[in-house]
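The sequence and the model are shown first.

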Amino acid sequence: MRLGDLLINNNVISEQQLIRALEHQLVHQSKLGYSLILLGFLTEQMLMRFLSFQLNMPYIEEIHEDKIIQCSDYNKLTSKVARHHCCIPIYHNDEMVVIVMSDPINSHTQEVLASCILLPYSIAIGCEGVIRKGLDSYL
């Protein structure tokens, strides 16, 4: 289901708000979700929750400093690259790394991650501000 339809069906926005956001998206060449936020129709947290549902991926509300994975033999993601792509590795076991991203469908970021993370990984979605705060302690 498309994001706009999902938001309307859950009574988060009206059809008129969706139309305004689609017009804004066209004029400003932005993503629909960010147009909805800029127009004040929903918060980033609400957007991420609905994207999490739409994309069937976990939503991370908070990043604890002790869960952040620093650069290592299996993680070549530098702080500069992580900041540029607004993503951060937060969990690792012997088989999997979890990476939180604010834009999990960005194909360029996916390519960068594939070259930097040397273990299999899964993607979770999170708010940009939360990720950037976590990146403050990422080396």
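The account below moves from the overall fold to the core, the pockets and a few individual residues.

## Overall architecture

The structure is a predicted model. Its protein chain contains seven helices and four strands, arranged along the sequence in the pattern α-α-α-α-β-α-β-β-α-β-α. The C-alpha trace extends over about 50 × 25 × 25 Å along its principal axes. The chain has 139 residues, of which 42% count as buried. Among contacts between residues at least 6 apart in sequence, 58% connect residues at least 24 apart.

In soluble globular proteins, nonpolar side chains tend to be buried together. In this model the largest nonpolar core comprises 43 residues, and those with the most contacts inside it are Leu36, Ile63, Leu77, Ile88, Ile99, Val100 and Leu113. Strand β3 makes the greatest contribution to this core, supplying five residues.

Apart from residues up to four places away in sequence, Leu113 touches Leu77, Cys87, Ile99, Met101, Tyr121 and Ile123.

## Helix α7

Which residues of helix α7 are buried? In this helix, which covers residues 128–135, they are Ile131, Gly134 and Leu135. Viewed down the axis of α7, the buried residues fall within an arc of 105 degrees, and they therefore line one face of the helix. The buried residues of α7 pack against helix α5 (79–85) and against the strands β2 (87–92), β3 (97–101) and β4 (121–126).

Rolling a probe the size of a water molecule over the atoms shows where empty space is left.

| Pocket | Volume | Nonpolar lining residues | Polar lining residues | Charged lining residues |
|---|---|---|---|---|
| Largest pocket | About 370 Å³ | twelve nonpolar | five polar | four charged |
| Second largest pocket | About 160 Å³ | three nonpolar | three polar | four charged |

The largest pocket is lined by 21 residues, and those closest to its centre are Leu3, Leu32, Gly33, Leu51 and Gln54. Helices α1 (3–9), α2 (15–28), α3 (32–38) and α4 (44–55) each supply at least two residues of this lining. Helix α4 gives the most to the lining of the largest pocket, with five residues.

The second largest pocket has a lining made up of Glu61, Glu62, Ile63, His64, Glu65, Ile68, Val130, Lys133, Gly134 and Ser137.

Leu32 lies in helix α3. Is Leu32 buried or exposed? Its relative accessibility is 14%, and because the limit for a buried residue is under 20%, Leu32 counts as buried. Leaving aside neighbours within four places in sequence, Leu32 is in contact with Leu3, Gly4, Leu18, Ala21, Leu22 and Gln25. The C-alpha atoms of Leu32 and Leu22 are separated by 6.5 Å, with the two residues ten places apart along the chain.

Ser52 is located in helix α4. With a relative accessible area of 12%, Ser52 is buried. Beyond its neighbours within four places in sequence, Ser52 is in contact with Met57, Pro58, Tyr59 and Ile125.

Arg2 belongs to the segment before α1. Arg2 is exposed, with a relative accessible area of 61%. Arg2 and Leu51 are 49 residues apart along the chain, and their C-alpha atoms are separated by 9.8 Å.

Two loop residues have positive phi values. Asn11, in the loop between α1 and α2, has a positive phi of about 55 degrees although it is not a glycine. At 69% relative accessibility, Asn11 counts as exposed. Gln29 is found in the loop between α2 and α3, and its phi is near 50 degrees, a positive value in a residue other than glycine. Gln29 also counts as exposed, at 75% relative accessibility.

How values were computed
Residues numbered from 1 in each chain as written. Predicted model: local features only at pLDDT ≥ 70, side-chain atom pairs only at ≥ 80, totals over all residues. Heavy atoms only, no water. Buried < 20%, exposed > 50% of the residue type's maximum accessible area, 1.4 Å probe, protein only. Arc of directions from axis to C-beta. Contact = heavy atoms within 4.5 Å. Core = buried A, V, L, I, M, F, W, Y, C linked by side-chain atoms within 4.5 Å. 1 Å grid on protein atoms, 1.4 Å probe; cavity = no way out; pocket = protein on both sides within 12 Å on 5 of 7 lines; lining within 4 Å. Points joined across faces, edges and corners; volume = space filled by probe spheres on them. Nonpolar A, V, L, I, M, F, W, Y, C, P; charged D, E, K, R; others polar.
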